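Me: Could you walk me through how to read the contacts between aromatic rings in a protein model?

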Amino acid sequence: MAPQRFVVTKQHRRFVEFADAVRRQRTIGICYGQAGTGKTLSARRYANWHKAETLLQEWGPRDDSDYKVYAALAQKRTVFFTPEVLSTPRQFKDDLAHITARVSICIDQHLETLGKLIGPPKMRTKNIDLIIIDESERLRPSAIEYLRDRYDRTNIGLILIGMPGIEKQFSRYPQLYSRVGFAHEYRPLAEEELRFVLERRWRKLGQTLDPDDYTDAQAIAAIARITRGNFRLVDRLFTQMERIMKINELHTITDDVVEAARSTLVVGLT
């Protein structure tokens, strides 16, 4: 199944403002929120990782179409990185340096195309303004100390993303925590945001959402009750709803369809 089209919500815009501030002021930011609210999606979108990830992983000969990716990376000068679950501090250090170098090389290629690259390629961190670490609960104390030291040496902005409570976890590392400039809570979709998302999901199924229609209002209420504004759960729920409607040749989204889809999911929100 094709991936869902990205929806720009208020929470995403707030994340962009937060990330821009961290990048501009070259400070450290902490972003925390419940699982499934969209933290990772927003961070990947901000770094243009949805455009660049395949190119960065499949390193090799390039064609003219790749220059659009170079331009996208140069726009934000941001590295998005998720550490492996069982990675050692050395592996974490090497993997982060590896992906940072590749992003910087791509930015060099963009600058060369514009005629703005003067002399040999720059040091591999000089093109980078911001590093985003997702799933940062996985970081061991030595890896956290490495990031703090790297920040002091390079003055590259740093965002650490994790679950609620991560801000308290990092407070146990005073040398890092004293450098934190911003903390941002990524919240579930509010009522108006959820309706905004649902309008597009209805449209994807060839229908028009009308909150004043009793059937639609019941379906909206059921979705809001089940998902509580959790973006990932909305996506999973609609995947099952689409399957159920196709199997049963249904053409209207009702609360019965929503409940049938709900029964196929393991719903556990924290």
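Reply: Let us begin with burial, where buried means under 20% relative accessible area, exposed over 50%, and partly exposed in between, with a 1.4 Å probe and protein chains only. Phe-15 is buried, as is Tyr-186. This is a predicted model, in which local features need pLDDT of at least 70 and side-chain atom pairs count only at pLDDT 80 or more, while totals for chains, interfaces and linings use all residues. Residues are numbered from 1 along each chain as its sequence is written, and side-chain values use heavy atoms, with hydrogens and water left out.

Me: What is the geometry of the pair formed by Trp-202 and Phe-238?

Reply: Rings of Phe, Tyr and Trp (its six-membered ring) pair if their centres lie within 6.5 Å, and planes under 30 degrees apart count as stacked, over 60 as edge-to-face and the rest as tilted. The ring centres of Trp-202 and Phe-238 are 6.0 Å apart with planes at 65°, so this pair is edge-to-face. It links distant parts of the chain, since Trp-202 lies in helix α9 and Phe-238 in helix α11 (residues 231-247), 36 residues apart; helices (H or I, at least four residues) and strands (E, at least two) are DSSP runs, numbered from the N terminus. Both Trp-202 and Phe-238 are buried.

Me: How many aromatic pairs does the structure hold?

Reply: There are 8 aromatic pairs. One of them, Phe-15 with Tyr-186, is tilted, at 6.4 Å centre to centre and 55° between the planes. Phe-15, Phe-18, Tyr-46 and Tyr-186 form one aromatic cluster.
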